[in-house]
Amino acid sequence: MRKIVAGLFMSLDGVVEGPEKWGMPYNTGEAAEAVTRLFDDADTALLGRGTYQMWSTFFPHVTSEQVPTADWLNAAPKYVVSSTLTEVGQWQGSHLITGDDVAGQIQALKQQPGGNINVGGSITLVQWLMSNGLLDDLYLQIAPVIAGTGRSLADGEQIPMHLAATRAFANGVIEAHYTPQPR
């Protein structure tokens with residue numbers, strides 16, 4: 001069975017929203033390479049509505065020379081989870097997951113042959129995947145900065161996680177790899 005793997009940037013005060021405002025100075029060297037490696041075992045992207053709408057206007061116009069993951073994202077099948085969209089735009093390979101049985105549709109996607117399914121950004125989707133027991137791996141790159149404001153992963157529900165591995169990078173970023181604990 002395929003795994004759903006999420007990667008998020010996080011500040012020291014637990015903020016995962018808006019890393020382009022506070023985290024990009026730390027997305028260099030080993031940290032940037034670690035993000036790119038998450039794509040090595042994946043062949044599919046799973047995105048929330050907001051991330052999809054933002055990325056679909058940006059990534060079709062850049063290459064991997066500009067953003068290392070651009071060619072992968074542009075070529076990969078993209079599944080967009082939304083309760084409000086009725087169709088997805090023109091970004092090549094985009095498909096909409098909506099309706100009453102979103103969990104079933106995602107579980108069916110996990111059953112298909114292929115590599116990992118990557119989730120980048122999409123805070124609400126990551127929270128929902130964790131809450132519904134569909135997320136297999138969570139990689140947090142914790143930047144040595146206090147963001148001061150923004151959303152965290154907390155949505156009121158306790159979800160026990162197991163620390164699978166950690167790495168410290170020369171630029172002060174700590175990567176923490178978590179897997180959900182059985183409930």
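User: Is Trp91 buried or exposed?
Analyst: This is a predicted model, in which local features need pLDDT of at least 70, side-chain atom pairs count only at pLDDT 80 or more, and totals for chains, interfaces and linings use all residues. Residues are numbered from 1 along each chain as its sequence is written, and side-chain values use heavy atoms, with hydrogens and water left out. Buried means under 20% relative accessible area, exposed over 50% and partly exposed in between, with a 1.4 Å probe and protein chains only. The relative accessibility of Trp91 is 5%, so Trp91 counts as buried.

User: Which kind of aromatic pair do Phe59 and Trp91 form?
Analyst: Rings of Phe, Tyr and Trp (its six-membered ring) pair if their centres lie within 6.5 Å; planes under 30 degrees apart count as stacked, over 60 as edge-to-face and the rest as tilted. For Phe59 and Trp91 the centres are 6.4 Å apart and the planes are at 5°. The pair is therefore stacked.

User: Which kind of pair do the rings of Tyr52 and Trp91 make?
Analyst: Tyr52 is in helix 3 and Trp91 in the loop between strand 3 and strand 4 (94–97); helices (H or I, at least four residues) and strands (E, at least two) are DSSP runs, numbered from the N terminus. The ring centres are 5.8 Å apart and the planes meet at 35°, so the pair is tilted.

User: Which residue has its charged end over the ring of Trp91?
Analyst: A charge sits over a ring if NZ of Lys or CZ of Arg is within 6 Å of the ring centre and within 35 degrees of the ring normal. At 4.7 Å from the centre of the Trp91 ring, the charged end is that of Lys78.

User: Where is Thr69, and which residues does Thr69 touch?
Analyst: Thr69 is in the loop between helix 3 (49–58) and helix 4 (70–75). Contact means heavy atoms within 4.5 Å. Not counting residues up to four places away in sequence, Thr69 touches Phe39, Phe59 and Ser64.

User: Which element gives the most to the largest nonpolar core?
Analyst: A nonpolar core is a set of buried Ala, Val, Leu, Ile, Met, Phe, Trp, Tyr and Cys residues joined through side-chain atoms within 4.5 Å. The largest has 27 residues, and Leu129 is one of those that touch the most other members. Elements giving two or more residues include strand 1 (4–10), helix 5 (102–111) and helix 6 (123–131). With 5 residues, the element that gives the most is helix 6.
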